[in-house]
Amino acid sequence: MIAPPLVLVSLVVWGTLVGLDLVSVAQTMIARPFVAGGIAGVLLGDPMAGLRAGVLLELFALDVLPVGAARYPDYGPATIAATVVLAGSPWELSLGLAGTVGLLVSVLGGWSLQQLRRLNAEAVQRHTAALAAGDSDAIRRLQYAGILRDAIRSALLTAIGIAGAWAAQRWLTLDRRTAVALTLVVVGAGLAAAVGGALRSAGRGRRRNWLAAGLVVGAAVAAFR
Amino acid sequence: MNGTGRALLRLFAVQGTWNYERMLGVGFGYGAEPLLQDLKTADPVRHSEAVVRSAEFFNCNPNLAGLAVGATVRAEYDAAPGTQIARLRTALCSPLGALGDQLFWAGLLPALVGLALIVVVLGGGLWGIIGFLVAYNVVHVWTATWSLRTGLATGMGVGAAIGSSWIPRAIPRVGVAAGFAVGLAAPIVAGWYLGPFGRLSVVAVLLVAVLGLASGRLFGPRMTGSRFALVAVLLTLLCRLVLR
């Protein structure tokens with residue numbers, strides 16, 4: 001599905017906001033995949049597609065603990081790309097491809113964050129003398145330039161992700177069995193990521209017992225639905 | 001001292017220039033700037049020194065950065081020696097990082113995400129998203145406000161204020177809630193996706209999940225969830241190509 005230009009522009013604007021929210025500005029959590037995907041789905045006229053793509057990539061995002069100087073993928077713009085793949089097509093056959101596109105874009109997003117941090121460091125080095133002199137204007141300029149760089153990064157990443165999603169949709173035609181197999185593989189891998197992340201955070205204490213209890217109750221709810 | 005409101009707003013962009021050189025340092029200076037304005041007229045030399053100190057290396061969880069910003073600004077107004085203020089900044093990095101990461105990234109966030117995913121897949125749809133954003137941001141904004149106010153009120157005594165605050169008590173509680181919520185959400189989300197595929201798909205998905213967990217154990221932190229997924233997708237495509 002090729003979205004109208006206005007929708008594409010709104011997706012890039014949304015991706016820019018989502019990319020900024022991840023680290024640079026606000027951290028209101030609109031960068032969480034299920035939020036980014038849900039709104040992208042609304043913009044594309046298919047909210048369920050956004051939720052399907054968003055919840056899937058959220059499982060992977062639960063594996064990430066963004067502590068200190070950790071390197072991590074950028075799942076926000078990636079979810080928008082995955083939603084573009086999924087919108088308007090049967091999710092059972094497209095979720096595998098959408099998830100794969102989303103994961104690839106998230107890896108590219110993680111790489112782009114490293115480049116952004118290097119560029120910020122170079123800018124700080126260029127202003128060392130002004131910072132050592134206590135120049136408040138230099139601090140403000142550095143801050144606004146850093147946020148602008150991240151906005152450009154996020155917009156570019158979203159645009160590349162949408163282009164990749166469109167190309168994958170157009171040129172990658174999978175037979176039914178392969179498409180279903182890919183869907184099951186990404187769902188299984190997502191579950192492993194979410195539970196693996198929860199196990200790491202839980203350690204060996206009381207929290208692990210509560211995780212186990214949650215899994216048992218959740219399995220019972222899923223079985224009886 | 002004025003500019004508390006502006007400083008609070010700026011703290012929401014404290015990571016705007018995050019880099020490997022000074023990490024949060026420049027963002028810290030950006031947040032502290034409105035609070036240091038009064039010092040400019042009272043003692044311009046001290047103000048200049050304070051601005052230099054404010055933008056030096058610093059890192060912590062962004063949600064608790066207000067504690068450090070407030071405390072160091074208060075110490076500047078109290079005319080504490082510069083070396084003591086620098087030591088305070090250094091001393092606050094690790095505890096504010098560890099406490100904030102446990103409270104937010106490993107506690108509140110996964111707990112609310114887990115609950116929101118359940119609401120979404122049980123038919124709540126976009127209401128799950130709205131509820132999540134409201135709940136998270138009420139805590140987020142309240143914590144930022146509390147942090148800055150507590151830092152400004154306690155100055156060099158901020159360490160004791162943190163130790164006796166609600167944060168150390170809240171961490172184990174939200175940790176338990178996070179464990180339970182993510183555990184509860186995982187099978188319910190899986191059921192949502194597997195509904196149309198039949199029982200054999202459950203076995204296939206469980207097999208992939210177990211392989212994913214095992215590969216994480218085997219290869220360590222380098223085998224992230226997304227890397228395992230991409231390897232598994234590649235292998236599936238190769239298998240399908242060979243079997244065709």
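Which residues in α2(B) meet which residues in α4(B)? The first legend answers this. The model is predicted: local features need pLDDT of at least 70, side-chain atom pairs count only at pLDDT 80 or more, and totals for chains, interfaces and linings use all residues. Residues are numbered from 1 along each chain as its sequence is written, while chains are lettered from A and ligands numbered from 1 in the order in which they are written.

**View 1. Helix α2 (residues 25–42) of chain B packs with helix α4 (residues 65–77) of chain B.** From α2(B) come Phe28(B), Gly31(B), Ala32(B), Leu35(B), Leu36(B) and Leu39(B). They meet Ala65(B), Val69(B), Val73(B), Glu76(B) and Tyr77(B) in α4(B). Contact here requires C-beta atoms, placed from the backbone, within 7 Å. By class, the residues are nine nonpolar, one polar and one charged. Nonpolar covers Ala, Val, Leu, Ile, Met, Phe, Trp, Tyr, Cys and Pro; charged covers Asp, Glu, Lys and Arg; the others, Gly among them, are polar. The angle is about 30 degrees, and the axes lie 10 Å apart. Axes are lines fitted to C-alpha atoms, for helices over the stretch in contact, and angles run from 0 to 180 degrees between N-to-C directions. The two helices, α2(B) and α4(B), are therefore roughly parallel (angles under 35 degrees; over 145 is roughly antiparallel, 65 to 115 roughly perpendicular, the rest oblique). Helices (H or I, at least four residues) and strands (E, at least two) are DSSP runs, numbered from the N terminus.

**View 2. α5(B) packs with α8(B).** The angle is about 30 degrees, with axes 7 Å apart. This pair is therefore roughly parallel. The crossing of α5(B) and α8(B) is left-handed. Their contact has 23 nonpolar, four polar and no charged residues.

**View 3. Chain B touches chain A.** The contact takes 75 residues from chain B and 78 residues from chain A. Elements giving two or more residues on the chain B side include α3 (44–54), α5 (82–124), α6 (126–154) and α8 (167–194) of chain B. α8(B) gives the most, with 17 residues. By class, the chain B side has 47 nonpolar, 22 polar and six charged residues.

**View 4. Met23(B) sits in a loop of chain B.** The loop runs between α1 (4–11) and α2 of chain B. Phi of Met23(B) is near 50 degrees, a positive value in a residue other than glycine. Most residues other than glycine have a negative phi. Met23(B) is buried, with 22 other C-beta atoms within 10 Å. Buried means 20 or more such atoms, exposed 12 or fewer, and partly exposed in between, with C-beta atoms placed from the backbone.

**View 5. Gln27(A) sits in a loop of chain A.** The loop lies between α1 (5–22) and α2 (33–43) of chain A. Phi of Gln27(A) is near 50 degrees, a positive value in a residue other than glycine. Gln27(A) is buried, with 23 other C-beta atoms within 10 Å. Around this residue, chain A has nine helices and zero strands. Of its 225 residues, 56% count as buried.

How values were computed. Contact = placed C-beta atoms within 7 Å. Left-handed = near helix turned anticlockwise from the far one by under 90°.
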